[in-house]
Amino acid sequence: MEVKFGIIDIAREVTIETEASADDIAAQVRAAVADGSVAEFTDDKGRRVLIPGSRIAYVDLGTTTSRPVGFGAV
């Protein structure tokens with residue numbers, strides 16, 4: 001799933017590809033925003049992304065379906 005984070009005062013989005021569910025991501029974001037703590041996410045390559053909850057402007061949760069690959073008709 002592709003997840004895009006908008007950060008306050010940063011023009012560029014932070015985008016990660018992760019195997020986590022949309023519910024897990026949403027729960028982590030809610031907790032970080034409520035507590036003012038740091039949200040930690042791991043992408044599908046094992047990299048960790050830390051985002052302060054007080055700086056999260058928005059989160060765009062992508063769909064969990066995979067896109068077809070190729071040029072043929074499906």
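User: Does Asp-9 count as buried or exposed, and at what relative accessibility?

Analyst: Buried means under 20% relative accessible area, exposed over 50%, and partly exposed in between, with a 1.4 Å probe and protein chains only. At 69% relative accessibility, Asp-9 counts as exposed. A word on the source: this is a predicted model, where local features need pLDDT of at least 70 and side-chain atom pairs count only at pLDDT 80 or more, while totals for chains, interfaces and linings use all residues. Residues are numbered from 1 along each chain as its sequence is written, and side-chain values use heavy atoms, leaving out hydrogens and water.

User: Where does Asp-9 lie, and what is its phi?

Analyst: Helices (H or I, at least four residues) and strands (E, at least two) are DSSP runs, numbered from the N terminus. Asp-9 lies in the loop between E1 and E2. Although Asp-9 is not a glycine, its phi is positive, at about 65 degrees. The hairpin of E1 and E2 has six residues between the strands.

User: How do I read the pairing of E1 and E2?

Analyst: Strands of a sheet pair through backbone hydrogen bonds, either parallel or antiparallel. Two strands count as paired if DSSP finds at least two bridges between them. Here E1 (residues 2-7) and E2 (residues 14-17) are antiparallel, with four bridges. Lys-4, for example, has Thr-15 in E2 as its bridge partner.

User: In what order do the strands of the sheet stand?

Analyst: This open sheet has three strands in the order E2-E1-E5, with antiparallel pairing. E2 and E5 (56-61) are at the edges with a single partner strand each, so one side of each has no neighbour in the sheet.

User: Which residues form an aromatic pair?

Analyst: Rings of Phe, Tyr and Trp (its six-membered ring) pair if their centres lie within 6.5 Å; planes under 30 degrees apart count as stacked, over 60 as edge-to-face and the rest as tilted. The count here is one aromatic pair. Phe-5 and Phe-41 form this tilted pair, with 4.8 Å centre to centre and 35 degrees between the planes. Because Phe-5 is in strand E1 and Phe-41 in strand E3 (residues 38-42), the pair ties together parts 36 residues apart in sequence. Both Phe-5 and Phe-41 are buried.
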